[in-house]
Amino acid sequence: MTLSPLHDPSWHAFASDNYAGAHPEVLSAVVAANDGHQSAYGHDVYTERLREVIRAHFGERAEVFPVFNGTGANVVALTAATPRSGAVLSVASSHINTSEGAAPEQVSGLKILAAPTADGMLVPEQIINAGRVLGDEQRAQPATVSLTQCTELGTVYSPTHIAALCDTAHDLGMAVHIDGSRLWNAAAALDLPFRAFTTDVGVDVVSLGGTKIGALGAEAVVVLNPDRLAGTGYVRKSTTQLPSKMRFISAQLLALFDGDLGLRNASHANAMTARLRAALEPRISDGSLPGLEFVHPSPTNSIFARLPVDVADRIRTRAHFYDWDRPGGAAHGVVRWMTSWDTEAGDIDRFVDVIVEAFVTR
């Protein structure tokens with residue numbers, strides 16, 4: 001039986017890369033892994049191959065633990081890295097702090113220490129400041145530093161920046177975690193292999209995302225320093241993230257590594273954001289889009305723009321996206337425009353026309 005889609009396949013949004021479908025090569029990999037039987041719970045040939053691939057990309061000591069989703073990956077990683085009495089330092093805008101339904105706190109019993117930043121990135125001084133309570137039994141003990149790469153604001157940590165954070169954290173006895181739901185986009189922006197800004201600069205554990213870059217639903221915890229994170233496999237099971245038919249998750253991640261598909265997808269998504277920004281910048285400069293300005297650099301696949309709220313609402317009637325910061329009663333707010341692995345140049349050009357028209361008809 002041939003099923004017809006329930007949605008309009010031509011509809012394209014700029015709200016999130018989660019809106020995009022799965023890449024055909026990923027779907028083909030799942031189909032290829034489907035016939036016959038394979039051992040369950042990770043004792044299959046696809047997961048074993050994934051272990052080899054992960055070691056090739058992250059280092060010979062790297063261990064991979066496929067999981068169902070990004071929140072689960074973060075919960076597993078942070079639980080394995082943080083003792084029960086511990087706290088996790090992250091930026092206030094981090095996904096673990098704002099968008100995971102308090103899962104790290106509720107599942108793991110840890111406390112998140114949210115540090116304010118303007119660009120979504122921690123600096124070593126904030127780790128030092130958080131560490132001043134170490135040894136005070138009445139305060140949750142900072143035990144893990146969680147970074148996001150690329151950040152929730154689309155910015156990217158350099159390897160030097162991450163190395164400085166890792167050195168500071170390790171000097172205070174803290175582990176370092178990277179929420180890498182868009183790690184491929186960061187790698188594309190930096191033009192560096194994964195290990196250059198993870199393993200080689202001291203990161204202990206990574207939540208490796210696949211869903212946003214073309215997977216049907218595949219994420220993983222990659223432990224880079226097994227000495228610091230013991231028992232991650234047990235934590236994965238106890239936090240309900242051990243897939244029985246793991247071969248299908250592993251096959252998706254293998255497809256993303258094969259032929260650099262994930263990197264190619266990320267590079268394309270980043271390029272589409274660059275195309276959108278380049279098309280709007282001259283119009284901002286010549287005054288034809290009054291009130292529109294970019295809030296942050298856009299090295300990856302997101303643009304944060306401040307513009308009149310009535311214009312944003314007019315644009316949104318024809319192209320869906322999210323408000324990022326819309327104070328009540330304010331004339332201007334900040335929106336987020338995101339591109340995906342399947343965004344095409346024509347989608348960008350039509351979106352630019354919609355934006356321009358919304359200003360003209362204001």
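This is a predicted model: local features need pLDDT of at least 70, side-chain atom pairs count only at pLDDT 80 or more; totals for chains, interfaces and linings use all residues.
## About the model

Residues are numbered from 1 along each chain as its sequence is written, and side-chain values use heavy atoms, with hydrogens and water left out.

## Salt bridges at a glance

Let us start with charged pairs. A salt bridge here is a side-chain nitrogen of Lys or Arg within 4 Å of a carboxyl oxygen of Asp or Glu. Counted this way, the model has 15 salt bridges.

One of them joins Asp200 to Arg195, with 2.9 Å between the closest N and O atoms. To describe how open such residues are, buried stands for under 20% relative accessible area, exposed for over 50%, and partly exposed for anything in between (1.4 Å probe, protein chains only). Asp200 is partly exposed at 47%, and Arg195 is partly exposed at 27%.

## Pairs involving helix H13

Helices (H or I, at least four residues) and strands (E, at least two) are DSSP runs, numbered from the N terminus. Asp349 pairs with Arg275, and their closest N and O atoms are 3.1 Å apart.

A second pair stays within H13. Asp347 and Arg350 are three residues apart in that helix, about one turn, and their closest N and O atoms lie 2.9 Å from each other. Is Asp347 buried or exposed? Asp347 counts as buried because its relative accessibility is 12%, while Arg350 counts as exposed at 52%. Elsewhere, salt bridges with shared partners join Asp313, Arg316, Asp323 and Arg326 into one network.

## A look along helix H11

How does the span of H11 agree with what its 25 residues should give? The expected span of a helix is 1.5 Å times one less than its number of residues. For H11 that should be 36 Å, and its end C-alpha atoms are 36 Å apart, so the two agree.

Several residues of H11 are buried, among them Leu261, Gly262, Asn265, Ala266 and Ala269. The buried residues also include Met272, Leu276, Arg277 and Leu280. Just after H11, Gly287 takes a positive phi of about 85°.
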